[in-house]
Amino acid sequence: KKKKNKRIRLEGTQGTGLSIHHGSYPWVTSRDTTVSGCLAEAGISPTRVRKVIMVCRTYPIRVGGNSGPMRKKLSWAEISRRSGISVAALRKAERTTNTNTLRQPGEFEWGLLRTAAELNSPTDIALTFSDYIDIKNRDARRFDQLTQPTIMFIEEIERVAMAFFFFF
């Protein structure tokens, strides 16, 4: 293939915890879901990568039934209490596309964050569903417009995810 010196963007699927090599069998997918796995499948050298964005949810989810372990399950009522979003709105939004199955939320898993950071070496982290911490975050357009508990949560994510970089 001829190099064209153009930028490309790869989007991985599923989470690092579902990697066939690094996840917990039998709750894994059929491929390596890490950055290195995605690059290998695309035929791209890791030295060509400038930016790795790791995406985290405020509350991880599993699909209903038995789609894998979760350290501490939560109810949508509890997330509603914490966020100010109605249970009905949460239950409507948190359904799978194909089977319309209600997702199961859980507490943020700090150990999984650390493992994912070690395996993927992110340059950036994106936090999704910050409105699940506080509905007021829906109006934020800049970091300093987020609620103080959300800012503290993000700062802790940064600290935990980047902690291992200082040991090498």
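This briefing describes the fold, surface and selected residues of one protein structure.

The structure is a predicted model, in which local features need pLDDT of at least 70, side-chain atom pairs count only at pLDDT 80 or more, and totals for chains, interfaces and linings use all residues. Residues are numbered from 1 along each chain as its sequence is written, and side-chain values use heavy atoms, with hydrogens and water left out. The protein has five helices and four strands; helices (H or I, at least four residues) and strands (E, at least two) are DSSP runs, numbered from the N terminus.

**Overall architecture**

- Read from the N terminus, the order of elements is α-β-β-α-α-β-α-β-α.
- The C-alpha trace spans about 55 × 40 × 35 Å along its principal axes.
- Of contacts between residues at least 6 apart in sequence, 64% join residues at least 24 apart, where contact means heavy atoms within 4.5 Å.

**Surface and charge**

- The protein has 168 residues, and 33% of them are buried; buried means under 20% relative accessible area, exposed over 50%, and partly exposed in between (1.4 Å probe, protein chains only).
- The accessible surface amounts to about 11,600 Å², and carbon and sulfur atoms account for 52% of it; such areas come from the Shrake-Rupley method with a 1.4 Å probe, and for residues only the protein chains shown count as cover.
- The protein carries 28 positive and 16 negative charges, whose mean positions are 8 Å apart.
- In this count Lys and Arg are positive and Asp and Glu negative, while His and the chain ends are not counted; each charge is placed at NZ of Lys, CZ of Arg, CG of Asp or CD of Glu.

**The second largest pocket**

- This pocket has a volume of about 170 Å³.
- A pocket is an open set of points, on a 1 Å grid over the protein atoms alone, where a 1.4 Å probe fits, with protein on both sides within 12 Å along at least five of seven lines; lining residues have an atom within 4 Å of a point.
- Grid points are joined across faces, edges and corners, and the volume is the space filled by probe spheres set on the points.
- β4 and α5 each contribute at least two lining residues, and the lining includes D124, L127, S130, F143, L146 and E158.
- E158, located in helix α5, is partly exposed at 44% relative accessibility.
- E158 and D124 are 34 residues apart in sequence, and their C-alpha atoms are 9.0 Å apart in space.

**The loop residue N137**

- N137 belongs to the loop between β4 (124–128) and α5 (148–162).
- With a relative accessible area of 4%, N137 is buried.
- Beyond its neighbours within four places in sequence, N137 is in contact with S130, D131, L146, T147 and T150.
- N137 and V52 are 85 residues apart in sequence and 25 Å apart in space, C-alpha to C-alpha.

**Backbone features**

- Y25 and P26 are joined by a cis peptide bond with omega of about 10°, and P26 lies in the segment before α1 (35–42).
- N100 is not a glycine, yet its phi is positive at about 60°; N100 sits in the loop between α3 (87–93) and β3 (103–105) and is partly exposed, with a relative accessible area of 47%.
- S121, also a residue other than glycine, has a positive phi near 45°; S121 is found in the loop between α4 (110–120) and β4 and is partly exposed, with a relative accessible area of 36%.
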